[in-house]
Amino acid sequence: WGQIVFKPWLGLLGAAFVTLIVLAVLLLLAKRFARTWWIGGAALILGLAILLQLAFPYLLRIDTKPPSPRLAATIEELERREGVEGLTVRVEQVQDVTTAANAYTLGIGPSRTVIFWDTLLDGRFTQGEVRFVAAHELAHQARNHIWKGIAWGTLIGLPLLGAVAFVTGRRGGLRNPGTVPLALLTLSVAGLVITPFQNAVSRRYEAEADWVALKATRDPVAAKGLFTGFVEDLEDPQPPGWTEHIFGSHPSPLERV
């Protein structure tokens, strides 16, 4: 109960702190560059995104453990097949928090990391299914999806900040701290508008990672078993089309099968 009640606050406070720092810098830029602050702001956000992808994986590795020799050998084999090497692989203990199974990759350059939840390795999934998950996560790195995501963020963020500059400019610009609520409202509304597009890009990269993993493992039976296992955790195998287009960051399980 302590984790359920208090743990989310750590993430919320961290997000609030980062938002506060970014907002303070944007206000300084707006004070110095009344009309073009949003260009410098986009460059700032780009630099912050790169810095987080470089540094954050090292924090996530804390309290994790190395993979089993068998899993490590499997990953080395898949790295050679997919043409990506030098990643750090760790196992995160989450069994005391959830029964859901997951794995993810993040990081750039020397911080590239693949993390498996221990729930994925508790015996519910076959070795072939775990192997497919590993191939999928390696594919994200092999196809530079993280760098592409940063590029998309910059491409989208620049006009978003331009929209904030336009809307707040009608009330004195962001140089006036009183326009901060209006700026945040503009970002929130614009974020809702572009969410379907962002999710379309995400679904495209997830589908590409599935395809690369399928070519690397040559095991469609394991892939189907994996996605079927995910559905057994009460995930809708084929949600309504409109919800998938708006909210779906991954293809539906039935589509993946």
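Helix H3 (residues 69-82) and helix H4 (residues 127-142) pack at an angle of about 45°, with 10 Å between their axes. H3 is therefore oblique to H4, a class left over once angles under 35 degrees (roughly parallel), over 145 (roughly antiparallel) and 65 to 115 (roughly perpendicular) are set aside. The crossing of H3 and H4 is right-handed. Axes are lines fitted to C-alpha atoms over the stretch in contact, and angles run from 0 to 180 degrees between N-to-C directions. Helices (H or I, at least four residues) and strands (E, at least two) are DSSP runs.

The model is predicted: local features need pLDDT of at least 70, side-chain atom pairs count only at pLDDT 80 or more, and totals for chains, interfaces and linings use all residues. Numbering starts from 1 along each chain as its sequence is written, and side-chain values use heavy atoms, without hydrogens and water.

Four strands form an open sheet with mixed pairing, in the order E1-E2-E4-E3. Strand E1 (64-65) and E3 are the edge strands, each pairing on one side only. Pairing requires at least two DSSP bridges between two strands. E1 and strand E2 (residues 88-92) are antiparallel over two bridges; here Lys 65 stands opposite Val 91 in E2. Strands E3 (residues 103-106) and E4 (residues 113-117) are also paired in the antiparallel sense, over four bridges. Ala 103 faces Phe 116 in E4 as its opposite residue. The hairpin of E3 and E4 has six residues between the strands, and Gly 107 takes a positive phi near 100°.

Conventions:
Left-handed = near helix turned anticlockwise from the far one by under 90°.
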